[in-house]
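Visitor: Please take me through one part of this structure in close detail. I would like to look at the ligand and what surrounds it.

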Amino acid sequence: MKLFLIAGARPNFMKIAPLIHILDNHSTIKTTIIHTGQHYDKKMSTLFFDQLRIPEPKINLEVGSASHAVQTAKIMERFEKVCIDYIPDMVLVVGDVNSTIACSLVAKKLNIPVCHYEAGLRSGDRAMPEEINRLVTDAISDLYFTTCKDADNNLLREGIPAEKIFMVGNLMIDSLVNNLVRAENKNVKLHKINSNTHINFNDHFKSDKYAIMTFHRPSNIDDANTFRILIEQWLKISEKIPLIFPVHPRTLQNAKSFKLLKILSSAPHLHLIEPLGYLDFLAVMKDSLFIITDSGGIQEEATYLKIPCLTVRKNTERPITITEGSNRLVKPNKIIDNVNKILYGKIKMGHIPKYWDGKTAKRIVKILENTNHNN
Ligand code: UD1
């Protein structure tokens, strides 16, 4: 079976890595990695391929940034040519980014079966671009790999036959488990933004209390007022505990265009740094006292690591991280109240969900092998 593995944006890379490693030299499944080029900066892409030991993709569609329609259309146009040239037997897409929906649509229209890893997650919020990507991808896929029972239930409710759904666990946790020791031993450098200087993480933070934070969702940082409220909260929090903030390119761009960068940079203990590589982020996250984020994947990693996680969103497509894990949803103007609770010892640790055990890639390959035999 010729299998295309699609990856385009940063959170995709840790999902494909465990599959690539286990499928290396497989006797019947031959994989080709297709990078769409949705993320292209060294710190958003190449660094992840290096640290996760993913071989350089043979095919890079190099689409770059653009509006949703243009980016999706460019991926579709370029991916269609690749499919026609290589004729894969199956296309495996992961997550919920624009590359996921674009490649699924192209494959299905060429009658190539599509399997979706991380199928069935729903936030119920159709204002989120990712929710549209999830709904459309799941409406047309042939095989569904899910991370939890509630994803299975969402798919069943939408009319997907049970025999197409496989709860396999969490590939992101495979990557975490596979790399925890390497991260532990890493000498992490925190490069300050807009400066050539860096702080050595092990010397300055490792043995003390600190928190880590990430923000990039349009709902938080595309609106100047919300962004301002968030900054007020972050400044106050940094007076209580050092806050390490790897700044996503989109967030930095908006801080500049809203003229908020000066105030954002004004607090001595709010450390604005360049985006971190996979191992570096893991090293910093794993010893943090708590995490503040609007990311999807970090809610899951925090749950596995049993670190309190404050997710600044109205909803989450990953409710299991709340019902079973260490996550809770908070409003932008209430972050500090929740931080205070944590600082006073009210810590939510939760437990690790079923099959989030580092063996998900093995389960997926087993299913793909059987699919292969049936063909
Ligand atoms: C995308 C995903 C989001 C995911 C996030 C992780 C969609 C709809 N969104 O959002 O689900 O959580 O990735 O990071 O697919 N940019 C760079 N360098 C890069 C990539 C982007 O500077 O390598 C800048 C560009 O100015 C771009 C902006 O960041 O316009 C946003 O990038 P984009 O890929 O459109 O969306 P993300 O916000 O990264």
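Guide: Start with a term: buried means under 20% relative accessible area, exposed over 50%, and partly exposed in between, using a 1.4 Å probe and protein chains only. By that rule M76, with a relative accessible area of 27%, is partly exposed. M76 belongs to helix α3 (residues 68-86); helices are DSSP runs of H or I, at least four residues, numbered from the N terminus.

A word on the source. This is a predicted model, where local features need pLDDT of at least 70 and side-chain atom pairs count only at pLDDT 80 or more, while totals for chains, interfaces and linings use all residues. Residues are numbered from 1 along each chain as its sequence is written, and side-chain values use heavy atoms, leaving out hydrogens and water.

Now the ligand. Around it are 17 residues, the closest being Q38, H39, E130, H216 and Q253. A residue is near if one of its heavy atoms lies within 4 Å. The shell holds five nonpolar, eight polar and four charged residues. Asp, Glu, Lys and Arg count as charged; Ala, Val, Leu, Ile, Met, Phe, Trp, Tyr, Cys and Pro as nonpolar; the others, Gly among them, as polar. Helix α11 (residues 249-257) gives the largest share of the shell, three residues.

Look at the oxygen atoms of the ligand. One lies 2.8 Å from a backbone N or O atom of N98. In the side chain of H216, an N or O atom is 2.8 Å from a ligand oxygen. For the side chain of R250, that distance is 3.2 Å. The protein buries 88% of the 740 Å² that the ligand exposes when taken alone; such areas come from the Shrake-Rupley method with a 1.4 Å probe.

Technical notes
Polar contact = N/O pair within 3.5 Å; in protein donor to acceptor, adjacent residues only side chain to side chain. Helix = DSSP H or I, 4+ residues; strand = E, 2+ residues; numbered from the N terminus.
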